[in-house]
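Please find below a short note on the model under discussion.

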Amino acid sequence: RSQRRKKNSLDGETKSQISFANKFFGCSKLSRKENSDFKTTAPPGNGFQRTVTSDTDKTLSSEMELGSRMEKNDQFLQMLGKKTANKHLDLNSCGLTTADVRKMGEAFEMIPELEELNLSWNSKVGGNLPLILQKFQKGSKIQVLELVDCALTSEDGAFLGQLLPKLQSLEVLDLSINRNIGGGLNNIAQGLQSISTLKILKLHSCGLSQKSVKILDAAFRYLGELRKLDLSCNKELGGGFEDTSALLVMLKHLEVLDLHQCSLTVDDIASLTQVIPLLSNLQELDLSFNKKMGSSSENLLSRLRFLPALKSLLINNCALESETFTALVEASIHLPALEIFSLSWNKCVGGNLKLLLETLKLSTSLHVLRLSSCSLVTEDVEFLASVIRMGHLAKLQKLDLSYNDGICDAGWAIFCQNLWFLKELTELDISLRPSHFRDCGHWFRYLLFAVTKLPEITEIGMKRWTLPVSQEEELGSFNKDPKRRSIHFDHGGFQ
């Protein structure tokens, strides 16, 4: 009877280990050469289950006889066709259990060459981070650590602060969507001071406050290699930059700065006005969803002209006013590298699009132009059609004119008649607002004709436009052509 109990106990342990193994490696998304190696040695699905099951008795009994935990783990990993020298492990969204994450720490001890680890979207990681990463020693080769939406606690943050100095090769740290990590931010910031190799730091939606900016500011002087800083969607951050943005200047290599939806105050904007124009390597800037920008950002937007390397400028929903919009227009003329320009949800653009003439003429690399919900009028799209006809937007790939319900049929007709000049266009959106339905005019025929001349087009947004029977038949005939099956008219079901 005692032998039977012992056997049952061993069977239970075996099943637990196999269950963890299947989740740990079956869910993992190995990259590069390791991925192909893993697929050939352990096919997914039932075949994988049978392979593991058939080898389990011999392999696990052999492990138990060895008696060494290190040897157990090593054989456990190799049993699954997994090389201990694998460098990239992606376990995001795997539904890891508490038992899984506790076993994971021992497994990581046997992968000393690990360079990239992604545990994102596994809530059980929260509160257990020390158990998972405690085996990472000084000299670890980890370069990428992603812990997005892991329900990390302030205690996890404190542990991470102690761990960071050991990760001297770390280049990417993503702690986004961990709203309770603020309590450990002091420790994290202190740990960051030891990571001079860090290139990407993401703290999107982490519940950061005004005080958090001051804490992080002290670490910026040590992050001279930082290329990307994401502090977006921290709504309590507003006011934090008033006296502490000066050290941002130390980030001389910064290429991406994301501060969208941070509730920036007037004083924040004044402070950032002194700093952002000095980041001469900046390529992407997102200040969207900061409503105070509308009345107080004239000087900041005007000084963007000193960022000649800027490729992406997002100023969505900033309540821009006439003066701030004019300042932005004048500065944008001096941004020859601009590829993405988004002004959506700024009502002042409507009726004033012609002010962007010089910008659109000079931005020969522009790939994306977003003007959704800008209160555009007929004259605006007629102006845009003339710019297109002159060939100034030849590289444009995505054009968003959605939620501009004030454009009459004549305006859409002129626009569609000239649309075919955009030979590289892949996406066009002219959808109406959710509460507004409207009949398509004769311009729909011009749209269909233009699409036949656009070799790259794949997506056309037309939600809430209604089609009469004759136009539905035209669209049906159009869609039957095998050459056009890759084109999707996103109409949500024409009414």
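How are H16 and H17 oriented to each other? The numbered points begin with this pair.

1. This is a predicted model, in which local features need pLDDT of at least 70 and side-chain atom pairs count only at pLDDT 80 or more, while totals for chains, interfaces and linings use all residues. Residues are numbered from 1 along each chain as its sequence is written, and side-chain values use heavy atoms, with hydrogens and water left out.

2. H16 and H17 are roughly parallel to each other, a term that covers angles under 35 degrees. The axes of helix H16 (residues 409-418) and helix H17 (residues 443-452) cross at roughly 15° and come within 8 Å. Axes are lines fitted to C-alpha atoms, for helices over the stretch in contact, with angles from 0 to 180 degrees between N-to-C directions. Helices (H or I, at least four residues) and strands (E, at least two) are DSSP runs, numbered from the N terminus.

3. Asp409, Trp412, Ala413, Cys416 and Gln417 of H16 meet Trp443, Tyr446, Leu447 and Ala450 of H17, where contact means heavy atoms within 4.5 Å. The residues of this contact comprise seven nonpolar, one polar and one charged. Here Ala, Val, Leu, Ile, Met, Phe, Trp, Tyr, Cys and Pro count as nonpolar, Asp, Glu, Lys and Arg as charged, and the others, Gly among them, as polar.

4. The largest nonpolar core has 133 residues, of which Phe415 and Trp443 touch the most other members. H17 gives the most to this core, with six residues. Such a core is a set of buried Ala, Val, Leu, Ile, Met, Phe, Trp, Tyr and Cys residues joined through side-chain atoms within 4.5 Å. Not counting residues up to four places away in sequence, Trp443 touches Asp409, Trp412, Ala413, Cys416, Ile430, Met462 and Trp465.

5. Pro277 lies in the loop between helix H10 (266-273) and strand S8 (284-286). Pro277 is buried, with a relative accessible area of 5%; buried means under 20% relative accessible area (1.4 Å probe, protein chains only). Leu272, Arg303, Phe306 and Leu307 are touched by Pro277, not counting residues up to four places away in sequence.

6. Leu272 belongs to helix H10 and is buried, with a relative accessible area of 0%.

7. For the chain as a whole, there are 18 helices and 17 strands. Buried residues make up 48% of its 495 residues.

Conventions
Parallel < 35°, antiparallel > 145°, perpendicular 65-115°, else oblique. Buried < 20%, exposed > 50% of the residue type's maximum accessible area, 1.4 Å probe, protein only.
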